[in-house]
Amino acid sequence: MSLTLNVNGKSHTVDVDPSTPLLYILRNDLGLRGPRFGCGLGQCGACTVIIRGVATRSCIIPGSAVKGEITTLEGLAKGGKLHPLQQAWIDEQVPQCGFCQNGQIMNAKALLDKNPNPTDAQIREGMQGALCRCMTYYRVQAAIKQAVKRIAADRMAAGSGVVA
Amino acid sequence: MTTVFTGIPKHVEDMLASLGGTPSRRNLLNSAGLLVVSFAGVGASPVARAADAAEPAGAGPYTDPDFHQLDSWIVIHEDSSATFYVGKTDCGQGTGTSFRQIMSDELDVAYDRTTCIMGSTDITVDQGGSGGSTAMERDSWPMRRAAAEARRVLVEMGSVRLDAPVSQLAVSAGVITVKGDPSRKVTYGELIGGRRFNVALSGANINAATGVAAVKPVQELKNVGLSPQRYDIPPKVDGSLEWAVDVRLPGMVHARNIKPPVAGARLAGFDESSVRGVPGFLKVVSKGNYLAVVCEREEQAIQAAARLKVNWEKPAKAPFPTSENLFNYIREATPTSSSRPIVVGNPEVAFAGAAKVIEADYDVPFQGHTAFSGAHATADPSNGQMTVYSNDMKSYGMRRGVAEFLGMPREKVRVVWMEGPQGFGRTAADDAGCEAAYLAKEIGRPVRIQWMRSEETAWDTKSPAFAVRMKGGLDGAGNLIALDYNARAADYNHVGYNEADTVLIAQLMGIRRAKPAEGSAATPSEMYAIPHRQMTTHVVSMPLVWETPLRTGNLRDPNGPQSTFASESFIDELAAAAKADPLEFRMQLLTAGTSEDGGFRRARSIAVLKAAAEAYGWERRPSPISRGTGELLTGRGMAYSFRGQTVVAEIAEVEVNRRTGHVWAKRLVCAHDCGLVINPQSLRHTVECAMLHSLSRALHEEVQFDSEKVTSVDWYSHPTLTHADAPEKIDVVLANGDPHPDRSDLAPYGAGEAACKPMLAAVANAIFDATGVRIRRIPLRAPRVLAALNAAKV
């Protein structure tokens, strides 16, 4: 059965069983590497994509159940410029092995899109479902705080541009 | 004769292409191709291989890169950039960046003009892959010496080219100039770019590989001590890195295993008709008790594995005690082996004369590696060869194992190492490589296999469970005069290195060694001067020895965290019994000794304890602190240990919720002395994460099982640290306690694993300080802590 998905601004039609979890379609049919298999149970967050603003576990949602635009890690950079979260991740040198970092970054993106200035407690709460076996939590939280500042500065710059 | 070439692996090509100014593969091949005649028969250097790249990639055979050839380690390109080929893999600590730092320093090229290729058996020398935090301590030495030798050779070539004696030459960033006349210059690229050195190295083995040149004094290493950002991080945050899980080959199919539902069960039969209707179904593959399904697509293989009707026969005897009964079992079992006791002084007499004797039992359960994604590999059987794409940290061991397991000559097998989820030693005993290769051979197409979460958590290798009995004697003045350490480890079938007769698929197929590889129960790693002591260790076996999900493997210092939990918790108990400050008590035991070793471990032990205490602001007083009346009780604990020559002291500050038993490690401090520091930022992050990994082991992790099977099968039933557990503050102090801290031959020692050892005890000691309650059983989950608080009426 053919299924049409809108991923990172492009439309793709794939021929798969409609019950196929989105993760396998993204990885094996579209060749994306950002979302990864960690548990297949929606527990760890490695497979996270953002669907209409919501951090979604692509390992447990059937492709046919997806309604709306899907953003993956590959879709965060705009015009060749990394998303402020990605830049903060590099500046803070967050990853150890890096395997889970798709989940960390995509969950942080959904968190900051909803709440651009979270408290420490809100960061812990909002990131709770993103596990990291290398235990980079402390660095991830520092990078989120740095990204908050970057995003605010970018907005300020964009805002002053409008005023000017 | 023709040198047969394998082709540059895609990830290597990408890496080369990503370096600004480095020749593309095409250019590399062209430049090398000019010299193809002179390469013929030389064998394994990457350049020589590149010369033959016109042949189909993957053709084989895959001869071993010769570590006695300088060309196997370093290639200088025409633009004077350099590529380093090292036989190591990076488990997530950024070691490739550090190798580039130390090799570019010895070679005298700019750091950002270098790349590092790691761990693929056909193009990098066999340094064994990774393990034991030995990347810098052991393996950076031959790299360093090779780079120094390359510099020497280049300077001599420059001397001829510039017609000036070597003593009159200066080198900077790959450019050789005549001192006092900088217009006379020649670049490395002009001298040798794209061509071979053809220089032999000496040395009885790879660790001893050396040229004629001496390495530089530490003070002349310019990149060492700086913190260039890790080159592997940008492609990890933008989604562009190709990981081992991402390998896709033409004609590739997907496999999933089906594990026995009860450990030790016999595969009596299966009904293939139950899965023939699954779309894309290709085959059920089975031998002995090994069982797998192969389908065209990944989700189809998952579905078929779940749907296949299988008839398993339970074993006659229960394979395990239950996890609730584990420590009674370990204490009562007849050991499979016992060490000869290490005896100092006369412990028996000392205990008899002690003013106070205390005893305590400490228990650490099996803990899982629980890599973030299940074991995985893709095997390509094209051209009668076998290429395995794998994140195996010991790719060279996997190559041997796969070749022996399949009965293929080693030259027909190669392992291409690619990044994967950190497994803390799990991939030293990776199971997927042999499985993928076996299935690929059976199917005749490239096969990708990946273990599911429940399979990985239940069936990965386990860190051995320990039951330790401690006994200590104090004299009337509160001095520790006698100590007895007696440890039992459930570590009988300890696997690793992808041996063809111990990898799980081999065990399931009925292959048996005469005797399993026994692990061991470690003795404590400290420099305390205790006049009378005895240390004894034993290994015990679970009832089921083979084909067991409780087979053990190296989890990040295979037994240090367990033995240190016992020994450093007990030192705190003794300090409390002597009404002494825990830091003061340890300091007295360290300063009472005079013996020292070549790495100055005693001096450095004292230094890290001081540094940690200072960074934390340690208040000298006995534990426990007088309890407050609030819901949250706060306390601090310390512990110290060493691994190899690396010495660490750690302090944990905890908040214990007396109503729920929940423990939060609010603050962590580590003073860490690993000798020469290559990349301080990388080191700090590695230490941070190593501490948190052990914090996870302290607070959460335990493999549970009933008498038939492991019941810890996912992140709920084998919980791990989460964002909520992250400390508010972590301080990592990089100490240098060497008596001659500026020595020109200061050596680098291992980093990560040493930092894993003290944390379990530091947390338990902090809980005692906060509450006055001593808990001697890991993990310190809320229900256990609450029960202990309630029992003590806290």
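Predicted model: local features only at pLDDT ≥ 70, side-chain atom pairs only at ≥ 80, totals over all residues.
How many residues of chain A are in contact with chain B, and how many of chain B with chain A?

In it, 47 residues of chain A are in contact with 49 residues of chain B. Four helices of chain A each give two or more residues to the side that touches chain B. They are helix H1 (22–29), helix H2 (84–91), helix H3 (101–114) and helix H5 (137–163). H5(A) supplies the largest share of that side, with four residues.

What classes of residue make up the side of chain A that touches chain B? There are 24 nonpolar residues, 16 polar ones and seven charged ones.

## A four-stranded sheet in chain B

Chain B holds an open sheet of four strands. The order is S24-S25-S26-S27, and the pairing is mixed. Strand S24 (632–643) and strand S27 (729–734) of chain B are the edge strands. Each of these pairs on one side only. Neighbouring strands of the sheet are turned by 15° against each other on average, direction ignored.

Now take one pair of strands. S24(B) and strand S25 (residues 646–657) of chain B pair in the antiparallel sense. Their pairing runs over 12 bridges. Leu632(B) has its bridge partner in S25(B): Asn657(B).

## A helix across the sheet

Which helix of chain B lies across S24, S25, S26 and S27? Helix H18 (residues 601–616) of chain B does. H18(B) runs at about 140° to S26(B), the strand that spans residues 663–673.

Terms used
Residues numbered from 1 in each chain as written. Chains lettered and ligands numbered in written order. Contact = placed C-beta atoms within 7 Å. Nonpolar A, V, L, I, M, F, W, Y, C, P; charged D, E, K, R; others polar. Pairing = 2+ DSSP bridges. Axes fitted to C-alpha atoms, helices over the stretch in contact; angles between N-to-C directions.
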